[in-house]
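Please look over the sequence and the structure shown below before reading on. The report then takes up helix packing and a pocket in turn.

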Amino acid sequence: TDKNPKFAAHLIQTTPDSVVYAVPYLFHILQSITKNKISFHKVVSSGAPLTGALFERMKNCTQHVYQQYGCSELGCIAIGSDPTSHADVGTPLKHLKVEAQGSETEPGEIIVTMDECTVHTQDAGWKNAEGRLQLAGRMDDLINVTGLKVIPYEVEQVLLGVDGVEEAVVYKTPHKVWGEAVKAMVVASSHVSPEMLKQRCMERLPNYKVPSTIVVEKEIPKTAAGKISRKLLFEHY
């Protein structure tokens, strides 16, 4: 009845057994306006994967976290309760055949079949040992550095592991020699420098996966729907 996020925050706080179904950007707004003091009963995040930092914050203020993954052609594909990471979108629904032949280091395309309809999602992912689907991003987000593939998710996890880093996004940038190079945009506290972040990446990653450029910004640009678009960052940043 009211689009003001402060109204939503008040309603959530005064409803003991609330279930909040929203895109990650809304959860980010609710936490920002309440200075991370809001608490949830149950949340269902959908529409885009949670970032690593937002996932950790949601776990700390929510009794039950669910992530839902789907596509416009088929609707819901998987839903997971209490995910182990922001990549974990849970167990595929039983009426679907979901193929994800990749691994964490080399994810493959997620292909879904329902009855006679097969959809190539163009999303990259893999299944863990428990059969839960893990989402690594879009296939066209993979970065080709002299023929070697870089998964943005893997580099982002290293950056998000640095104390003071709130958000991180890794995307491709043109390179005259390599074809494509790795670039990172980070939101972090004042004591975090690009040099510090690059050093951490050099300690944890092969040289070709280390971002050639790291920029620290106050905010990562997002689409009108509140999603991070690596394509948008590649074209404009």
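## Packing of α4 and α5

In this predicted model, α4 passes α5 in a right-handed crossing. The contact is made on one side by Val-155, Val-158 and Leu-159 of α4, and on the other by Leu-197, Arg-200, Cys-201 and Arg-204 of α5. Sorted by class, the residues of this contact of α4 with α5 are five nonpolar and two charged, with no polar residue.

Two packed helices are described by the angle between their axes and the distance between the axes. For α4 and helix α5 (residues 194-204), the packing angle is about 120° and the axes lie 9 Å apart, which makes α4 oblique to α5.

## Packing of α1 and α2

Helix α1 (residues 5-13) and α2 have axes that come within 10 Å and cross at roughly 85°, and the two helices are therefore roughly perpendicular to each other. Pro-5, Lys-6, Ala-8, Ala-9 and Ile-12 of α1 meet Ile-29, Leu-30 and Ile-33 of α2 in this contact, whose residues divide into seven nonpolar, one charged and no polar.

## The largest pocket

The largest pocket has a volume of about 960 Å³. It is lined by 42 residues, of which Gly-47, Ala-48, Pro-49, Lys-227 and Ile-228 are the closest to its centre. Among the elements that give two or more residues to this lining are the helices α2 (24-33), α3 (52-61), α4 (152-160) and α6 (230-236), together with strands including β3 (62-71) and β12 (165-175).

By class, the lining of the largest pocket comprises 17 nonpolar, 14 polar and 11 charged residues.

Definitions and conventions:
Residues numbered from 1 in each chain as written. Predicted model: local features only at pLDDT ≥ 70, side-chain atom pairs only at ≥ 80, totals over all residues. Heavy atoms only, no water. 1 Å grid on protein atoms, 1.4 Å probe; cavity = no way out; pocket = protein on both sides within 12 Å on 5 of 7 lines; lining within 4 Å. Points joined across faces, edges and corners; volume = space filled by probe spheres on them. Helix = DSSP H or I, 4+ residues; strand = E, 2+ residues; numbered from the N terminus. Nonpolar A, V, L, I, M, F, W, Y, C, P; charged D, E, K, R; others polar. Axes fitted to C-alpha atoms, helices over the stretch in contact; angles between N-to-C directions. Parallel < 35°, antiparallel > 145°, perpendicular 65-115°, else oblique. Left-handed = near helix turned anticlockwise from the far one by under 90°. Contact = heavy atoms within 4.5 Å.
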